[in-house]
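Good morning, colleagues. Please take a moment to look at the sequence and the model before I go through the architecture, the aromatic pairs and a few individual residues.

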Amino acid sequence: MKNFEKIIIANWKMQLSTEQSVVLAKELVAQLKDQNLASEKMLVICPDFTSLHAVGAVLEGSGIALGAQDGFYEDKGAFTGQVSLQQLKHLGCEYVILGHSERRALGETDKLVNQKVAKALSLGLTPIICVGETFEQRQEGSKGEVIMRQVYEALQGISISEGQSVIIAYEPVWVIGSGQAISGQEAAETVLMIKQSYVDVMEGENMPALNIIYGGSVDGQNIAQFTRQPNIKGALVGGASLQAASFLAVIKNS
Ligand code: PGA
């Protein structure tokens, strides 16, 4: 991954048909070109699996990278319903979201996230590892412990080669899709904790650039409160990435 000033990642989840995804991707490519925004910031779009091929064709040569929302660590075999990271790589993906809280809620474990991170890196894909506490964990006072464990388990035993990079997205689970983001200051404090956990798990060795981003109800109005924090490199955007105007506002104000 090149060294960009900001990283803005769109997570389209399971919200759009392939047709709608293609229309939105075309609109974004055209408007970003008009406004010359694509070259300054690292932009990644993560459509659903069925739309990856068609959206990838639209993004080609645009400077916007393609990402997937998950991927399986085995290359091939009897794994009904899985899509391998290798298949995603062949489709042109450069990034992959791993351990999103919506997947963890469906049973994704820290161990699976770890296996997927290892495989993604071995294929030259940049993993976007999602960590974050639920409302209950926050109320119990275990936020720090939960996040440190998620970072540790996702990265233990993993070596990151020169030139590769890892993105960690701090996403407080209770804020996702709520329309109410946390404060920039709280995000910045948590990001420092994530940074320390990264240093601990990597044992101070072999530590290529770690980019930490924030996610959870990011929009054009609140993005700057996160990106002006020195340790927050960008954002993972769900709802506000589903329309060209709202996503462009996030990009412009980041
Ligand atoms: P949101 O989703 O922006 O709609 O809160 C973010 C995410 O789940 O990555």
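**A strand and its two partners**

Strand β2 (residues 42-46) pairs with β3 in the parallel sense, and three bridges connect them. Two strands are said to pair here if DSSP finds at least two bridges between them. Before I continue, a word on the source: this is a predicted model, in which local features need pLDDT of at least 70 and side-chain atom pairs count only at pLDDT 80 or more, while totals for chains, interfaces and linings use all residues. Residues are numbered from 1 along each chain as its sequence is written, and side-chain values use heavy atoms, with hydrogens and water left out.

Helices (H or I, at least four residues) and strands (E, at least two) are DSSP runs, numbered from the N terminus. Right-handed means that, with the strands pointing away from the viewer, the path from the first strand over the helix to the second runs clockwise.

Strand β3 is also joined to strand β4 (residues 95-98), by two bridges and in parallel. There, A68 has V96 in β4 as its bridge partner. Together with helix α3 (residues 85-90), β3 and β4 make a right-handed β-α-β unit.

How many residues of β3 are buried? The strand, residues 64-68, is mostly covered, with five of its five residues buried. By buried I mean under 20% relative accessible area, by exposed over 50%, and by partly exposed anything in between (1.4 Å probe, protein chains only). I64, L66 and A68 point one way from β3, whereas A65 and G67 point the other way, and all are buried.

**The protein as a whole**

The secondary structure comes to 10 helices and eight strands. For 254 residues, a compact globule would have a radius of gyration near 18 Å, and the 17 Å of the protein agrees with this. That radius is taken over C-alpha atoms, and the globule rule is 2.2 Å times the number of residues to the power 0.38. Along the principal axes, the C-alpha atoms fill a box of roughly 45 × 45 × 35 Å.

Of the 254 residues, 55% count as buried. The accessible surface comes to about 11,600 Å², and 48% of it belongs to carbon and sulfur atoms. These areas come from the Shrake-Rupley method with a 1.4 Å probe; for residues, only the protein chains shown count as cover. Among contacts with a separation of 6 or more, 72% are between residues 24 or more positions apart. A contact means heavy atoms within 4.5 Å.

**Aromatic pairs**

The structure holds five aromatic pairs. In one of them, the rings of F72 and Y73 have their centres 4.6 Å apart and their planes at 40 degrees, so this pair is tilted. The criterion is that rings of Phe, Tyr and Trp (its six-membered ring) pair if their centres lie within 6.5 Å; planes under 30 degrees apart count as stacked, over 60 as edge-to-face and the rest as tilted. F72 is buried, because its relative accessibility is 8%, and Y73 is partly exposed at 22%.

Y214 and F226 form a stacked pair, 4.0 Å centre to centre with 10 degrees between the planes. This pair links distant parts of the chain, since Y214 lies in strand β7 (residues 210-215) and F226 in helix α9, 12 residues apart. Y214 is buried at a relative accessible area of 0%, and F226 is buried at 0% as well. Finally, F72, Y73 and F79 form one aromatic cluster.

**Three loop residues**

Most residues other than glycine have a negative phi. K13 has a positive phi of about 50 degrees although it is not a glycine. K13 sits in the loop between β1 (7-11) and α1 (18-35), and its relative accessibility of 18% makes it buried. S217, also not a glycine, has a positive phi of about 55 degrees. S217 belongs to the loop between β7 and α9 and is buried at 16%.

Where does Q229 lie? Q229 is found in the loop between α9 (223-227) and β8 (234-237). At 18% relative accessibility, Q229 counts as buried. Leaving aside its neighbours within four places in sequence, Q229 is in contact with G184, Q185 and A188.
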